[in-house]
Amino acid sequence: MSRFRSLLQASLNATRRALVWNIEDLVPPSERYIFNFSSKDELKNWHLYSDSEYGGLSSAALEIKDTGNGSTSVGLFSGNLSLDVMEGSKWNMTRSGFCGMRSKKFDGFIDLDGYDTIALKLKGDGRCYISTIYTENWVNSPGQDEDNSWQAFVFVPKDNWYIAKIPLTRYAPTWRGNIINARMEMNPARIVGMSLSVNAEGGVPDAKSGPGDFGVEVDWIKALRMMQ
């Protein structure tokens, strides 16, 4: 009889363990790497764009830069911002002076539903950059191919490494660079890409602006869970 009670107790304990949810299994890690510029292979995940596609004269490059200690590297996004427009351009440009690096579309979606903040480790030139998150199209009309874009300014201090932490709630919905004046919430479970861009004009007060050279080093981009 004691053996029977022992088996019964073991069965009950196993059942209890199966029924009790382990909260640590349900909550994601406190941080998650999205991009890490530690090798040249990372460059395959990105493409560049600028006003030169529409008759502007800005230019950009993305490369992997050795930090000097022989064991680590970072990405270097750099170029030149120009307000000029190519003579005879067929495009009726209303503004120029912008460049960006955009990730190629993920294989499916990246699910950041358990996170509330995007963090970027950057070293720059005192300019203001724009962090953009692209999500599955649900704001636009059915049949449109453009993804929804959500943008936030990132001021990058000059010559010092800086970790910018941007709550997802600070990303504003935009349409071709203009903020959409509507109450909408991002769906962090359906992210299809990201970008980092720079404009010659605009940004935050006291940031460097105007045409000329730009450059920002990018070590990594992460998702953080700041609220426990």
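# Rings, strands and loops in a predicted model

Ring pairs join Phe35, Phe37 and Trp46 into a cluster. I start there, but first the ground rules. This is a predicted model, in which local features need pLDDT of at least 70 and side-chain atom pairs count only at pLDDT 80 or more, while totals for chains, interfaces and linings use all residues. Residues are numbered from 1 along each chain as its sequence is written, and side-chain values use heavy atoms, with hydrogens and water left out.

Now the rings. How many aromatic pairs does the structure hold? There are four. Rings of Phe, Tyr and Trp (for Trp, the six-membered ring) pair if their centres lie within 6.5 Å; planes under 30 degrees apart are stacked, over 60 edge-to-face, and the rest tilted. In the pair of Tyr33 and Trp220, the ring centres are 6.4 Å apart and the planes stand at 90°, so this pair is edge-to-face. The pair links distant parts of the chain, with Tyr33 in strand β1 (residues 31–36) and Trp220 in strand β13 (residues 212–224), 187 residues apart. Strands here are DSSP runs of E, at least two residues long, and helices are runs of H or I, at least four residues long, both numbered from the N terminus.

Are the two partners buried or exposed? Buried means under 20% relative accessible area, exposed means over 50%, and partly exposed lies in between (1.4 Å probe, protein chains only). Tyr33, at 45% relative accessibility, counts as partly exposed. Trp220, at 10%, counts as buried.

Two rings have a charge over them. The rule is that NZ of Lys or CZ of Arg is within 6 Å of the ring centre and within 35 degrees of the ring normal. Arg102 lies over the face of Tyr134, at 3.5 Å from the ring centre. Lys121 has its charged end over the ring of Trp161, 5.5 Å from the centre.

Next, the chain as a whole. Its secondary structure comes to two helices and 13 strands. Of its 228 residues, 40% count as buried. A contact means heavy atoms within 4.5 Å. Among contacts between residues at least 6 apart in sequence, 76% join residues at least 24 apart. The chain exposes about 13,800 Å², of which carbon and sulfur atoms supply 51%; such areas come from the Shrake-Rupley method with a 1.4 Å probe, and for residues only the protein chains shown count as cover.

Which strand is largely enclosed by the rest of the structure? That is β12 (residues 191–199), because eight of its nine residues are buried. Two strands pair if DSSP finds at least two bridges between them. β12 pairs with β5 in the antiparallel sense over five bridges, and Arg102 has Ser195 in β12 as its bridge partner. β12 also pairs with strand β7 (residues 128–135), again antiparallel, over seven bridges. There, Ser131 has Leu196 in β12 as its bridge partner.

Staying with β5 (residues 98–103), look at Ser103, which is part of that strand. Ser103 is buried, with a relative accessible area of 2%. Leaving aside neighbours within four places in sequence, Ser103 is in contact with Phe35, Asn45, Trp46, His47, Gly193 and Met194. Phe35 and Trp46 also belong to the ring cluster I opened with.

Past β5, Asp107 lies in the loop between β5 and β6 (117–123). Asp107 is exposed, with a relative accessible area of 84%. Its C-alpha atom is separated by 9.9 Å from that of Gly193, 86 residues apart along the chain.

Another serine, Ser149, lies in strand β8 (residues 148–155). Ser149 is buried, at 11% relative accessible area. Its side chain makes a polar contact with the side chain of Thr174 at 2.7 Å. A polar contact is a pair of N or O atoms within 3.5 Å; within protein, one must be able to donate a hydrogen and the other to accept it, and residues adjacent in sequence count only if both atoms are side-chain atoms.

Last, two loop residues. Asp159 has a positive phi of about 70° although it is not a glycine. Asp159 lies in the loop between β8 and β9 (162–167) and, at 53% relative accessibility, counts as exposed. Asp206, also not a glycine, has a positive phi of about 75°. Asp206 is in the loop between β12 and β13, and is exposed at 82%.
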